[in-house]
Amino acid sequence: MELDERKKKILRAIVSNYLETGEPVGSRTISKLPDLNLSSATIRNEMDDLEEMGYIMQPHTSAGRIPSDKGYRFYVDEIMREKDTELKEKDTELTEYKELMEKRVDKLEYVLKHVAKLLAANTNYATMISGPSSRKNKIKFIQLSRMEQNKILVATVFEGNIINNRIIVISEDISEKEISELNMLLNTSLTGLTMDQINLSTIMKLRNDAGEYSDVIDQVLTEISEAFTNNEDDELEVYTSGATNIFKYPELTGGDAAGMLIEQFEKKDELRRMLGQINESYAADESKEGIKVYIGEELPMHDMQDCSLVTANYDFGNGISGTIGIVGPKRMNYDKVLGTLKSVMNQLEETFRI
C-alpha cells in the first residue's frame, strides 16, 4: 500500500496538529480542516490504513492518533523538500548572528560558542556544536618567542585561526636575532603545509639550514606534530547550550527522562563521538545533503531516542569542519528549526569559507 495524495494530506494534518497541541488527534479534528472536505468516517478509514502502514499509532483505545517515528520522518522529508525550493533568508531574525560574526570573524571558536547560545534561545531547544576538526589542516603561521632563559614559546596557527601554544626547553639560551632567523626559516619552509606534507626531505633541509640550532628545530617539529594530533576529533571542544529547555516539554520530563537527557549533555566525550560520526557521514555523503534529521531510534545516542536531532555540517575548506546539532522533542517545530539552521549556515559559510 502506498501513500496517495489523500493519505499524505491526512498524515500531514495529523503530524502538524500534534506538533502544535501535543494531544492525540481524532478524525473529527481532521474533518474540520477546510482543504480536505472529507467525512469523519472516510478519515477514520484512512487513519486505520495509515496506522497499519506504521505512520501513526493509537496510545490508548479511546484516544486519537499520534505520529510514529515513520510519520515524523515523512513530515520532515516533506518540509525539507519545501525548504530547499522556497528558502527565504529572514534578515530581521538573523541580525544577532550577523552582528556576532562581523565582530569576531578572526576567532571561529568564539563564534561557534555564541551561535550555540543564540540557537538555543531562538528555538527553545538544546544545542550542541563541535569545534572545528583540523584533520588535514594547514599551517598558517609559526611564531617562536623567547620567554625566559632556555625557554621558548612555540605558537602554531592553523587555517581558521586555530591556535596551539606550547613551551620547549632548550639546552642553551638563544638571542632574539637568532629567534627571528628561525621564525623566518620555519615559516618559509612550513607555511601552507599539512602534517602529511612535512616529509623527511623537508625536515632534513630545515635541520641543515638551522645549523647549530637543528636540535631546536627537532623540538619545534615535535610540538607542531603534537598540535596536529591534538586537533583530531577526540580532542575537539563541544559547545552546548539550552539543555534546561528540555523541561519545557512534558513528553521529555516523565520519570527520569529529563535527568537522563541533561546528563547526556554533560557527557562531552559521548557528544564528541556522536558529532564526529555525523561529521564523517557528511564527508562520505555524495549527495552533499546540507541538513539531516534524526528521529527517535535513528539518533546515535541511546538515551536521546525520545528526541529528534537536526544537524548541519559546516565545512570551510582545508579540513576545517564540524557539526551543529539541535535537540528537541519529536514534535519539535521542524519548520522553524530547519529555516533557522539553513540561514545560520549561510551566514557561517559567507563569513568563514576559505
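A cavity, in the sense used here, is a set of points on a 1 Å grid over the protein atoms alone where a 1.4 Å probe fits but cannot get out, and its volume is the space filled by probe spheres set on those points. The model is a predicted one, and by this definition it holds two cavities of 30 Å³ or more.

The second largest cavity contains about 40 Å³ of space. Its lining is drawn from separate parts of the numbering, with Tyr-125 and Ala-126, then Ile-246, Tyr-249 and Leu-252, and then Val-327, Gly-328 and Pro-329. Strand 10, which covers residues 321-329, gives the most to this lining, contributing three residues. Sorted by class, the lining of the second largest cavity has seven nonpolar residues and one polar residue, while no charged residue takes part.

From helix 6, Leu-108, Val-111, Val-115, Leu-119, Asn-122 and Thr-123 meet Lys-336, Val-337, Thr-340, Leu-341, Val-344, Leu-348 and Phe-352 of helix 12. That contact comprises nine nonpolar, three polar and one charged residues.

Helix 7 (residues 176-190) and helix 8 (residues 200-210) have axes that come within 11 Å and cross at roughly 160°, so helix 7 and helix 8 are likewise roughly antiparallel to each other. The crossing of helix 7 and helix 8 is right-handed. On the helix 7 side the contact is made by Leu-182, Leu-185, Leu-186, Ser-189 and Leu-190, and on the helix 8 side by Thr-202, Leu-206, Asp-209 and Ala-210. Six nonpolar, two polar and one charged residues make up this contact of helix 7 with helix 8.

How are helix 1 and helix 3 set relative to each other? Helix 1 (residues 5-21) packs on helix 3 (residues 40-52) at an angle of about 85°, the two axes being 10 Å apart, and this makes helix 1 roughly perpendicular to helix 3, since angles of 65 to 115 degrees are counted in that class. Arg-6, Lys-7, Ile-10, Leu-11 and Ile-14 of helix 1 form the contact with Thr-42, Ile-43, Glu-46, Met-47, Asp-49 and Leu-50 of helix 3. By class, the contact of helix 1 with helix 3 has six nonpolar residues, one polar residue and four charged residues.

How values were computed
Residues are numbered from 1 along each chain as its sequence is written. This is a predicted model: local features need pLDDT of at least 70, side-chain atom pairs count only at pLDDT 80 or more; totals for chains, interfaces and linings use all residues. Side-chain values use heavy atoms; hydrogens and water are left out. On a 1 Å grid over the protein atoms alone, a cavity is a set of points where a 1.4 Å probe fits but cannot get out, and a pocket is an open set with protein on both sides within 12 Å along at least five of seven lines; lining residues have an atom within 4 Å of a point. Helices (H or I, at least four residues) and strands (E, at least two) are DSSP runs, numbered from the N terminus. Ala, Val, Leu, Ile, Met, Phe, Trp, Tyr, Cys and Pro count as nonpolar, Asp, Glu, Lys and Arg as charged, and the others, Gly among them, as polar. Axes are lines fitted to C-alpha atoms, for helices over the stretch in contact, and angles run from 0 to 180 degrees between N-to-C directions. Angles under 35 degrees count as roughly parallel, over 145 as roughly antiparallel, 65 to 115 as roughly perpendicular and the rest as oblique. A crossing is left-handed if the near helix is turned anticlockwise from the far one by less than a right angle, and right-handed if clockwise. Contact means heavy atoms within 4.5 Å.
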